[in-house]
Amino acid sequence: MIEKPSRTLVCSIVFLDIVEYSTKPVAEQLLFKQAFNKLLSSALENVPARDRVVLDTGDGAAITFLGDPEDALFVAMSLRAAARAEATGAIAIRIGINLGPVRVVKDINGQMNIIGDGINVAQRVMSFAQSGQLLVSRSFYEVVSCLSLDYASLFSYVGARTDKHVREHEVYSVGIGTDAARRVLETGSQRIAPRGAAPRLIGELTDVRPFGMHRLALLAAPVLFALMVGGGVAVRAQVKSPVQGQPVSAAVRPAVKPTVTPAPKAEVAPAATAKPAPAPKAEVVAAAKLDAAAAPKSRQPVQTAAAQPAPKPEAEAPVRAPVGTAGVIQLAILPWGEVFVDGRSRGVSPPLRAIELPPGRHTIEVRNTTFPVHTRRIEVRSGEPVRIRHQFR
């Protein structure tokens, strides 16, 4: 992933620092550095070399993860846990993590190096941490916290901090000693296990994901859900109404059986001797006609409610958005830019794609370290998206 130099990437950067390293004598600094390098090598032994760039900062290190942002969280938490162990209790470190844009370049010795705003912010976040504390930036929190419930319960909001350049950073602390932290450490130790034991495809499918689930199970879950839904639709299609050609209400209504008087059995006679049935008498026919004529008009059949035409449904009123709801700003920034709303940083785009703002006038600034600041003043209305597109050239 790093064969081509001078590439701009959005990566996760872990910045580590040995507390009070510069105040120690040189002999103690050497011992601290050796113990620190041993811990760092142990934490990174299962992360492929192509997915990371490690820089020695003298009193610590800066590690850029070119792959999953989860790897940065796992390595940082394992380093903090190892430094707090009894065998290495003399080493006090502080850690900061950021997700932002960096550029992969070659230094004067021809080695890979990392520069850019992403590593600068990681160093600022680390400087806000106390001894043994792990802080992350807002951009890293927004990406990782939505990957798993365990990840979301790890973070707690610390507040906004201002660096020496009068730049404000919102930081979050990663908890320690909680059930979620123990589960994440166990998952991380399994997830970044050596990947050379199985073929690439099999290794990825059997890779352990959050909550102890394998990636193969995550891939099979949508297929099983589709099969269940398809089976339900097929069963429903086979269920028919009790009476074909009638509405359900008529089919459900119980039918009243008419009382039928059985006719007397007729004697079977030879065809030659069979006599035709006698015709009804004229007096009976005349009496039936008189009764029909004398019947009142009120006995005429009344049209049932089912035969009457159904009233037309009233037109539905259009649904209006409630007054005072937030508006949405849609962002399309190339190649990247840090977005400020009314002077306050809201993250880096990409990965940031949308921001919700209250109605009113706002000032949007998009900053890139190597280009002039792009400023735009907008009017946000409830329920109306505002698109901001800009490409730094």
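This is a predicted model: local features need pLDDT of at least 70, side-chain atom pairs count only at pLDDT 80 or more; totals for chains, interfaces and linings use all residues.

Biologist: What kind of peptide bond joins Ser-349 and Pro-350?

Modeller: That one is cis, with omega at about -10°. There is also a cis bond from Leu-334 to Pro-335, where omega is near -10°. Pro-335 belongs to the loop between strand 9 (327-334) and strand 10.

Biologist: Next one: why is Val-166 called exposed?

Modeller: Exposed means over 50% relative accessible area. Val-166 has 70% relative accessibility, so it counts as exposed. You'll find Val-166 in the loop between strand 7 (155-162) and strand 8.

Biologist: What is the phi of Val-166?

Modeller: About 60°, a positive value, even though Val-166 is not a glycine. Glu-20 has a positive phi too, near 55°, and Glu-20 is a residue other than glycine.

Biologist: Where does Glu-20 sit, then? And is Glu-20 buried or exposed?

Modeller: Look in the loop between strand 1 (7-18) and helix 1 (26-44). The relative accessible area of Glu-20 is 52%. The cut-off is over 50%, so Glu-20 goes down as exposed.

Biologist: What makes a nonpolar surface patch here, and which residues form it?

Modeller: Val-223, Leu-224 and Leu-227 make a patch of about 310 Å². To join a patch, a residue needs over 30% relative accessible area. Leu-227 has 59%, so it passes that cut-off. Its 59% is also over 50%, and therefore Leu-227 is called exposed. Leu-227 is part of helix 8 (residues 215-238).

Biologist: Let's go to the empty spaces. How do you know where empty space is left?

Modeller: A probe the size of a water molecule is rolled over the atoms, and that shows where there is space left. In this structure, there are two cavities of 30 Å³ or more. The largest cavity has a volume of about 230 Å³.

Biologist: Why is that space called a cavity and not a pocket?

Modeller: In a cavity the probe fits but cannot get out, whereas a pocket is an open set of points.

Biologist: Which element gives the most to the lining of the largest cavity?

Modeller: Strand 11 does, with five residues. Elements giving two or more residues include strand 4 (93-106), helix 4 (138-144) and strand 11 (344-349).

Biologist: How do the residues of that lining divide into nonpolar, polar and charged?

Modeller: For the largest cavity, four are nonpolar, seven polar and eight charged.

Biologist: How much space lies in the second largest pocket?

Modeller: About 290 Å³. Closest to its centre, of the 19 lining residues, are Asp-117, Arg-167, Glu-338, Phe-340 and Arg-367.

Biologist: Which element supplies the largest share of that pocket's lining?

Modeller: Helix 3, with four residues. Strand 10 (337-341) and strand 13 (360-368) are among the elements that each supply at least two. The lining of the second largest pocket divides into four nonpolar, seven polar and eight charged residues.

Methods
Residues are numbered from 1 along each chain as its sequence is written. Side-chain values use heavy atoms; hydrogens and water are left out. On a 1 Å grid over the protein atoms alone, a cavity is a set of points where a 1.4 Å probe fits but cannot get out, and a pocket is an open set with protein on both sides within 12 Å along at least five of seven lines; lining residues have an atom within 4 Å of a point. Grid points are joined across faces, edges and corners, and a volume is the space filled by probe spheres set on the points. Ala, Val, Leu, Ile, Met, Phe, Trp, Tyr, Cys and Pro count as nonpolar, Asp, Glu, Lys and Arg as charged, and the others, Gly among them, as polar. Patches are made of residues with over 30% relative accessible area and no salt bridge: like charges are joined within 9 Å, nonpolar side chains (Val, Leu, Ile, Met, Phe, Trp, Tyr) within 5 Å. Accessible areas come from the Shrake-Rupley method with a 1.4 Å probe; for residues, only the protein chains shown count as cover. A salt bridge is a side-chain nitrogen of Lys or Arg within 4 Å of a carboxyl oxygen of Asp or Glu. Buried means under 20% relative accessible area, exposed over 50%, partly exposed in between (1.4 Å probe, protein chains only).
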